[in-house]
Amino acid sequence: MTSIVENLERVREQIAGAAAKVGRAADEIELVAIAKTHPAEKVREAIDAGQTLFGESRVQEARAKIPELPSNLRWHFVGHLQKNKIRHALPLFEMIHSVDSLGLAQDINRIAEEQGMHPRVLLEVNVGGEGSKFGFKSETLRAEMESLLALPRLSILGLMTIPPLAEEPEASRKYFVQLRKLRDRLQTEFHVDLAQLSMGMTEDFAVAVEEGATLVRVGTAVFGERSKPRRE
Ligand SMILES: *Cc1c(COP(=O)(O)O)cnc(C)c1O
């Protein structure tokens, strides 16, 4: 088994390699090390390797883990956010990647107002159109974009997607292209800046970088296999 330090080095090299291949600068891409199911001690190993940006997909787990770790780390929430967890999530996370409905966005806006916060969020798009997945359908997002942009407390910084599970990294490419094109279209249509594209996980982050990802969410390739496999 390789160490987390070596894993991080390899993942960073792969990000840089994929960026170079398409003429992007490696520093346009941030690696979010997804620590879900892994204990604080593993996060500390990653910190020793210079990693300061981490992701979690469950508020309860994050509430236990984050206070055990240095306060200078940055945390992103990437899982489905239940409405009754918003209040706890907002103070813990500097970005929520997974705003997956107008209703959730409105609830976040309301609670952020109560808490005096201005959360930075991404809109999750279900580009594969799978019935089992959270996220806006592309057409729904276009229809609801005005309402989303009218929420004064939310800084909407871009889009996020989780493509359908696939055997081959290349199978994700068309979904990443779709997300980028949807972003470009929304920017033109609504005159907004949606600079962030959160796409790419352990299996396909190199392809995502080639297609314009600015945030890659990598868990297994950094921390190793999770003991309890879990589909979010
Ligand atoms: C778990 C998770 C990841 C990381 O998955 P890996 O395949 O282990 O890299 C990325 N994004 C989301 C939303 C996740 O829930």
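Below we look at the ligand's surroundings and then at one arginine.

A quick note before we start: this is a predicted model, where local features need pLDDT of at least 70, side-chain atom pairs count only at pLDDT 80 or more, and totals for chains, interfaces and linings use all residues. Residues are numbered from 1 along each chain as its sequence is written, and side-chain values use heavy atoms, with hydrogens and water left out.

Start with the ligand. It has 12 residues around it, and the closest are Lys36, Thr202, Gly219, Thr220 and Arg226; a residue belongs here if one of its heavy atoms lies within 4 Å of the ligand. Now zoom in on the N and O atoms. The side chain of Thr220 puts an N or O atom 2.5 Å from a ligand oxygen. Gly219 uses a backbone N or O atom instead, 2.8 Å from an oxygen atom of the ligand. On a ligand nitrogen, you'll find a polar side-chain atom of Arg217 at 2.9 Å. By itself the ligand exposes 390 Å², and the protein buries 94% of that (accessible areas by the Shrake-Rupley method, 1.4 Å probe).

Now for Arg24, which sits in the loop between helix H1 (4-21) and strand E1 (30-34); helices (H or I, at least four residues) and strands (E, at least two) are DSSP runs, numbered from the N terminus. Is Arg24 buried or exposed? Arg24 is buried, because its relative accessible area is 16% and buried means under 20% (1.4 Å probe, protein chains only). Its side chain reaches the backbone oxygen of Ala213 at 2.8 Å, and a polar atom of that Arg24 side chain lies 2.9 Å from the backbone oxygen of Val209.

Definitions and conventions: A polar contact is a pair of N or O atoms within 3.5 Å; within protein, one must be able to donate a hydrogen and the other to accept it, and residues adjacent in sequence count only if both atoms are side-chain atoms. Buried means under 20% relative accessible area, exposed over 50%, partly exposed in between (1.4 Å probe, protein chains only).
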